[in-house]
Amino acid sequence: MHDTFTTSDGLQLAYNVHGTGTPVLCLAGLTRNMDDFDQVVTKFSNHAQIIRLDSRGRGASDFDPNPQNYTITQEAFDALALLDHLNLDRTAVIGTSRGGLIAMVLAATAKHRLSGVLLNDIGPELDPTGLAHIMDYLGRPCAFTSFEDAAERLPRALGAQFPNVSHSEWLNYAKRSWTAGPDRLQLRYDPKLREAIEAQGASGDAPDLWPLFHALSDLPLAALRGANSNLLTPDCWAKMKAARPDMIAAEVPDRGHVPFLDEVESTATIAAFIAQLTE
């Protein structure tokens, strides 16, 4: 179940809240939704107030009639609007992929609203290999006919990045990613996200994201990297750790882009991050 709030431009965005304590806002990746943080709720809602948001055009939130509003800046404004709706002055953020980019934008534009940031397989440099992989599927109809079909075929599609994932884990992944349709699984996001990303990519060279990463200075910071990630390179990972030697950092074996957040390394990092917030 989820609640909704209304943005300044009239969209209904879905969110839910579990637990009490220090607020932790979970922001999902480009095509993802709040269900990616189910394990965070299960494991940590007795330690913190876990808030999950479906960004506009994702999950149970409204699609935007103007796809050009699917920007990181707008999604950062939406996150602040949720904090206002919940009467929260500040929150920590667990940001997966695009959610981590949103967190960095918030650090640069509204740092006083943040108490800390955990980046899940994202940094200030984006490997073109990973970006190309995202564009291969972004906005395209799903090829799987059922959740079981997806669970059977996902190991062939993603197994190089995600070895040692069980059938039941792939089945859960499929249920988080798509919804059942009459003859094939359906996307859980607005396919016009592709239009937005293509238009933004055509506007010029990729911006330098290092100033956004440096905006996280003086905030508690943690980060996870999938050891097989095709988006966060080992070189960028090393530079992040050098720039922030105080960062709680862990690499997750047998995971690509992105770790599922249920791994031993992930849960230990989240636990240490939340403990740091409450010191």
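This is a predicted model: local features need pLDDT of at least 70, side-chain atom pairs count only at pLDDT 80 or more; totals for chains, interfaces and linings use all residues.

Helix α2 spans residues 72–85 and helix α3 residues 98–109, and the two pack with their axes 9 Å apart at an angle of about 75°. Because angles of 65 to 115 degrees count as roughly perpendicular, α2 and α3 are described as roughly perpendicular to each other.

The sheet comes next. Eight strands make up an open sheet of mixed pairing, and their order across it is β1-β2-β4-β3-β5-β6-β9-β10. Strands β1 (3–6) and β10 (248–252) stand at the edges and have a single partner strand each, so that one side of each remains without a neighbour in the sheet. On average, and with direction ignored, neighbouring strands of this sheet are turned by 20° against each other. Helix α2 packs on the sheet, where it touches β1, β2, β3 (23–27), β4 and β5 (91–96), and the direction of α2 makes about 110° with that of β1. Within the sheet, strand β2 (residues 12–18) and strand β4 (residues 49–53) run antiparallel and are joined by four bridges; in this pairing, valine 17 stands opposite isoleucine 51 of β4.

Helix α5 (residues 147–158) and helix α6 (residues 167–177) pack with their axes 8 Å apart, at an angle of about 110°, which makes α5 roughly perpendicular to α6. On the side of α5 the contact is made by Phe147, Glu148, Ala150, Ala151, Glu152, Leu154, Pro155 and Leu158, and on the side of α6 by His167, Trp170, Leu171, Tyr173, Ala174 and Lys175. Ten of the residues in the contact of α5 with α6 are nonpolar, one is polar and three are charged.

Two details of the backbone deserve attention. Most residues other than glycine have a negative phi, and most peptide bonds are trans. Serine 97, which lies in the loop between β5 and α3, has a positive phi near 50° although this residue is not a glycine. A cis peptide bond, with omega about 15°, joins histidine 257 and valine 258, and valine 258 is found in the loop between β10 and α10 (264–277).

The structure holds one cavity of 30 Å³ or more, and the largest cavity contains about 40 Å³ of space. Its lining is formed by Ala28, Gly29, Leu30, Arg32, Leu53, Ser55, Arg58, Glu75 and Arg98; by class, three of these lining residues are nonpolar, two are polar and four are charged.

Terms used: Residues are numbered from 1 along each chain as its sequence is written. Side-chain values use heavy atoms; hydrogens and water are left out. On a 1 Å grid over the protein atoms alone, a cavity is a set of points where a 1.4 Å probe fits but cannot get out, and a pocket is an open set with protein on both sides within 12 Å along at least five of seven lines; lining residues have an atom within 4 Å of a point. Grid points are joined across faces, edges and corners, and a volume is the space filled by probe spheres set on the points. Ala, Val, Leu, Ile, Met, Phe, Trp, Tyr, Cys and Pro count as nonpolar, Asp, Glu, Lys and Arg as charged, and the others, Gly among them, as polar. Two strands pair if DSSP finds at least two bridges between them. Axes are lines fitted to C-alpha atoms, for helices over the stretch in contact, and angles run from 0 to 180 degrees between N-to-C directions. Contact means heavy atoms within 4.5 Å. Angles under 35 degrees count as roughly parallel, over 145 as roughly antiparallel, 65 to 115 as roughly perpendicular and the rest as oblique.
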